[in-house]
2 protein chains.
Amino acid sequence: MTQRIAVLGAGPSGLAQLRAFDAARRAGADVPEIVCFEKQSDLGGMWNYTWRTGLDQHGEPVHASMYRYLWSNGPKECLEFADYSFEEHFGRPIASYPPRPVLRDYIMGRIERSDLRHQIRFNTAVHSVEYSRETGKFTVTVRELKDDRMVSEEFDWVVVATGHFSTPNAPAFEGLSQFPGRVLHAHDFRDACEFAGKDLLLVGSSYSAEDIGTQCYKYGAKSVTFSYRSAPMGYDWPEAFSERPLLTRVEGNTAHFVDGSQQDVDAIILCTGYQHHFPFLPDELTLRTRNRLYPQDLYKGVFWIDNPKLVYLGMQDQYYTFNMFDAQAFLARDVVLGRLPLPIPEAMADDVDAWLTMYAAVDTVMEQIDFQTAYVRDLMALTDYQSFDLDLVRQHFVTWEHDKDESITGYRDKSFASPCTGTVGPVPSSTWWEELDDSLARFLQR
Amino acid sequence: MTQRIAVLGAGPSGLAQLRAFDAARRAGADVPEIVCFEKQSDLGGMWNYTWRTGLDQHGEPVHASMYRYLWSNGPKECLEFADYSFEEHFGRPIASYPPRPVLRDYIMGRIERSDLRHQIRFNTAVHSVEYSRETGKFTVTVRELKDDRMVSEEFDWVVVATGHFSTPNAPAFEGLSQFPGRVLHAHDFRDACEFAGKDLLLVGSSYSAEDIGTQCYKYGAKSVTFSYRSAPMGYDWPEAFSERPLLTRVEGNTAHFVDGSQQDVDAIILCTGYQHHFPFLPDELTLRTRNRLYPQDLYKGVFWIDNPKLVYLGMQDQYYTFNMFDAQAFLARDVVLGRLPLPIPEAMADDVDAWLTMYAAVDTVMEQIDFQTAYVRDLMALTDYQSFDLDLVRQHFVTWEHDKDESITGYRDKSFASPCTGTVGPVPSSTWWEELDDSLARFLQR
């Protein structure tokens, strides 16, 4: 009897799984029946922009954390699909740092050309997953949002590809209840224009803070103050920027910091990260982890050791993204197809332990890049995911970090060579700082 | 064996149910074991203010739709608990239109004095409810938010008291994705100060639009434009206000209306109502209704006819609020205690049909008030909920509508007599329009 696989989510990770099985099918393999459940009305996951925040039209949490004018914050060459190059999609070389609509078009393109859309049930939110030891099957219960009905189906495998940048981690600070302006988490940030002329406080010192701060300044914010917990980002910021230590309290519109300094602000954006959140999973199947390069309990970062018929994709902290999801999906596919036997649980746990021991020694950013490069290399050695120049990508990450240190507002003007085709991205005719239009059309004539 | 009741939610409706059983217990009755599940960290439901919007610190949808500077939009005398007067709580008469913190204090006070807090499990979100025809029991599965664990328990009765003003109904309009400013639903509105100096568009013509529009203007908004679907509110608005027909599209920051007029705006607030939303209930137990004075399928507006061990409180559109929830809770209690037998299903359905026939003839606001007055009178006749002067409350609603027509910015300065004690609320020393401080402390010295 044909096996059935439920893929939860049609973002880059879920689509990677669809594509992985399709590659096997085109090569003549018998593949299982795949049902991909997606609560949005289109594929693309996080890369679909919406003006909505909080709850959507069906009362479901809005998945999107992306905002207008978001540009890739790393070279596109570092995330290029090995089996579908940017050049193949666009028909010519494009610049190395595209805005969100360009990357979305690229993600969609690979799926449309593979004709995989029919495997996705849109407007369908996963409500719960149960596993029966008796039958060895999962029961997946979903809410069909358009008619508001619950439906349950059985599956042999479940692939969790719901992402981990959708559920805000938003700590409380004294005085926020009385702050006379907008307080929001980065998840709900949509349009920098709203903050033109304002003095902004961004709590956090990672990618969200860095990027939302620079976007807002680009679109007219008066000043940007960052508050860090452990260390400042330390970039060579424009004059209107400052970095301060931890926010201790807010009084009226005055923010107070742990070093005794203060700053009057008009709006507060909590760039305090995201939670891994799987409210549809029972406790015994739930991955519990902070955002780290190697979560516990997942063999090869993918298989839930206690029940490896449950697969998690993309749950790592990420330098590598699309190509890593692809390699993970190929590995999951090969196990499902019986091409790769899984070791016994003890051996899987030992493998995880070995990686965690290596990870414990990782300290610097360069070591983090090397660690995840080694992880992706390991995945690729296990599967036939199309090879690409991993050493070049590693080198790109190192160059990228250097570029950011050199100019946080200028690093997006650099060009990189594709690890798939070798083509070097053309230098755009306008700088990122000057370019206010983030549309696909504008990017292609730029 | 003692019966067990699950009460879902510790807002005014859920607390009414706790109080109803407590009243019976104090009078010597044997009462069932009650477990009230509340996802917030305190009781009060909607009346707890939070700066949070969207998802809370546990990734659960934020319940609160209330905002800073929210004042009661009806006389407090119309919602007074018959068994716990405002005068008893505050020790003296208070003005007829209190701000949110004053009403919250009143709601909390009745529960604290009854020592019912121990019946509530805070930080506990209901995940799912199942009913077994075999055992005749409900299994309620909750997520304990602090340790992120699922727990299931069995109950004989389930009381759904989760409210219906928490899940936004937010239709899409063309151009919102490109609007260069904030777009939000009223559910996420928190602080009018954010909109000082701005030109606002509020889509909708009911209580949210009316109240958020006037609050924003009071705290410095430059102009307020309402967009209505069927009819303008028609109040005698200040000069900075205008009412326009349905929004058709937004281009840049220009809103276009169906009559061909247009208006440039800085922010758009969708005051487009709420959905009844019970994602934790299976289809066969889910109330499906618009916001109306008499939902279908509920006997006496309370008992789910197909399975009357499932009770819904407060699911009606509301002129009456706290006192109606109390009367509903007393009725539910008396059925649970076996004091009141339920009719056979056909008779329950006939009773609902009779009310729906009456409701179908209701047209004007006055007829709506009379209809709900008749409903509350019916509930009170069936139970021993402490009587109060229902005719006086009805008259107050009529006067209140008249007051609003006379002055939408001045109606909150009027005084009304208590239907419980007869005391007339004192005239406050500052008008609502002048009073910018909505704190309990300020209100009590005012």
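Colleague: How many salt bridges does the rule find across the interface of chain B and chain A?

Modeller: In this predicted model, the rule finds two salt bridges across that interface.

Colleague: What makes the pair A:Asp148 and B:Arg288 a salt bridge?

Modeller: The cut-off is 4 Å between a side-chain nitrogen of Lys or Arg and a carboxyl oxygen of Asp or Glu. The side chains of A:Asp148 and B:Arg288 meet at 3.1 Å, N to O. With an Arg facing an Asp at 3.1 Å and a limit of 4 Å, the name applies.

Colleague: Which elements of chain B give two or more residues to the side that touches chain A?

Modeller: They are strand E4 (124-132), strand E6 (149-155), strand E8 (167-168) and strand E9 (182-185) of chain B. The residues on that side of chain B divide into 18 nonpolar, 14 polar and 14 charged.

Colleague: Why is the relation between chain B and chain A that of a two-fold axis?

Modeller: A rotation of 180° with 0.0 Å of shift along its axis superposes chain B on chain A, with an RMSD of 0.0 Å. That is the relation of a two-fold axis. In chain B, the C-alpha nearest the axis belongs to B:Gly54, 1.8 Å from it.

Colleague: How do you know that the copies meet through the same surface?

Modeller: Of the interface residues of chain B, 100% are also interface residues in chain A, so the copies meet through the same surface. In number, 46 residues of chain B are in contact with 46 residues of chain A.

Colleague: What area is buried between chain B and chain A?

Modeller: The area is about 3,600 Å², and carbon and sulfur atoms give 49% of it. In chain B, the residues that lose the most area to chain A are B:Trp51, B:Leu55 and B:Asp283, together 17% of what that side buries.

Colleague: What makes the salt bridge of A:Arg110 and A:Asp83 a tie between parts of chain A?

Modeller: The two side chains meet at 2.8 Å, N to O, within the 4 Å limit. A:Arg110 lies in helix H3 (residues 100-114) and A:Asp83 in the loop between strand E2 (33-37) and helix H2 (86-90), so the pair ties together parts that are 27 residues apart in sequence. Over all chains, the count comes to 64 salt bridges.

Colleague: What scores does the model have?

Modeller: The model scores ipTM 0.95 and pTM 0.97. Chain A averages a pLDDT of 97, and 100% of the residues score at least 70.

Definitions and conventions
Residues numbered from 1 in each chain as written. Chains lettered and ligands numbered in written order. Predicted model: local features only at pLDDT ≥ 70, side-chain atom pairs only at ≥ 80, totals over all residues. Heavy atoms only, no water. Least-squares fit on C-alpha atoms with pLDDT ≥ 70 in both. Contact = heavy atoms within 4.5 Å. Buried area = accessible area lost by both parts, 1.4 Å probe. Helix = DSSP H or I, 4+ residues; strand = E, 2+ residues; numbered from the N terminus. Nonpolar A, V, L, I, M, F, W, Y, C, P; charged D, E, K, R; others polar. pLDDT = per-residue confidence, 0-100.
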